[in-house]
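Subject: Structure handover

Hi,

Here is the structure I promised to pass on.

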Amino acid sequence: MSVSDAFLLSLNKLDWRLLGITAIVLCEAFVGGMSVCYAAEAKNLQNASPTAEALYQEGLARRQNQDYKFAAEKFSEAIARGKKTADTYTYLGEMLIQLERHGEACATLSEAIRLDPENVRAYGFRAIALEQLGKREEAIQDYSAALVKAPDELIVSLLEARGNTYWAMDMLDKAAEDFEAIIVHDPKDPRGYLLRGKLLGAKGKFREAIDDLSLTLPRFHRHLYKEEFDEVEGSMSTKTRRQYTEEFKTEAVQVGPRLGTTGCADRDLGIADHLLYRWRVEQQQAEERGKTRQDLRAEEAELVRLRRENAVLKQERDF
């Protein structure tokens, strides 16, 4: 074998060895690259899963949109992922109240209070849940605890809530104290006069009730509190004026114009001077809407019910 042949043979052997080494290196690089890819994919999956804070923020957004069921789910998930703060439990408790799951709400809000004994909103919401469960004495205790710690902007709402609870328990003197405390705390807030006026009406003190209710007028139009005025004035009517059937009112409206002037009609029919005019207006409004006076009153009663429900929701939101 010549020298040149031996050299070429050695080169060929070297090439195969290099090729083998290269193949090993490439395999290791490929395996390493796959490991890096798998790790990156796992990290991406982890990032794609919402964090406890993200779930909490989504719960707040859903709460703002009044999507209470979804908000409760998000707050629960946030707690499960580790955001076990007093605020999270408080918001979850509030949502459970909206969903009428009052027993669960009490337990949840108790945990919020355990985590933060100064949590005024948790005490207020738990009081609402307790009241819905018929535990009014315990609700009073929670309202009282909240009042001790409450900031200025929550005082009126808490006094109103506790006063209404006292009223529901027929503890009228205690209720009156809370309503008067609202007036002392903020003389410009009409709620104190409104609540005290309604309570005075319930006690039969109608003139004083009207005086209190009238104090709301500089701040609000009377029609906003029409049912409160009607309730008190209606109570006065049962003691001082005759009661008239719907049939009599309808007939009076029809017959009145044939009797001449309004004053003559009032006198001949034996009706107080302002009633015939009011009945005519009611009749006209009913006819314009293709309804009877009874239908209009039923609609007004439904509006009153909805207004009171909104007042309860506002009270809960204030907490």
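Below is what I found in it, from the overall picture down to single residues.

This is a predicted model, in which local features need pLDDT of at least 70 and side-chain atom pairs count only at pLDDT 80 or more, while totals for chains, interfaces and linings use all residues. Residues are numbered from 1 along each chain as its sequence is written, and side-chain values use heavy atoms, with hydrogens and water left out.

The protein has 16 helices and zero strands; these are DSSP runs numbered from the N terminus (helices: H or I, at least four residues; strands: E, at least two). Of its 319 residues, 36% count as buried. Here buried means under 20% relative accessible area, exposed over 50%, and partly exposed in between, with a 1.4 Å probe and protein chains only.

Ala175, Ala176, Asp178, Phe179, Ile182 and Ile183 are buried in helix 9. Seen down the axis, the buried residues fall within an arc of 160°, so they line one face of the helix; the arc is that of the directions from the axis to the C-beta atoms. They pack against helix 8 and helix 10 (190–202), with contact meaning heavy atoms within 4.5 Å. On the other side of helix 9, Asp173 and Val184 are exposed.

Most residues other than glycine have a negative phi. Gln66, between helix 2 (52–64) and helix 3 (68–80), has a positive phi of about 65°, and is exposed at 56% relative accessibility. Asp170, in the loop between helix 8 (152–168) and helix 9 (172–185), also has a positive phi of about 65°, and its relative accessible area is 66%, so Asp170 is exposed.

Finally, the aromatics. There are four aromatic pairs, counting Phe, Tyr and Trp (six-membered ring) with centres within 6.5 Å; planes under 30 degrees apart are stacked, over 60 edge-to-face and the rest tilted. Phe75 and Tyr91 are stacked, at 5.6 Å centre to centre and 15° between the planes. This pair links helix 3 with helix 4 (residues 86–98), its members being 16 residues apart. Phe75 is buried at 0% relative accessibility, and Tyr91 is buried at 16%. Together with Tyr56, they form one aromatic cluster.

Best wishes
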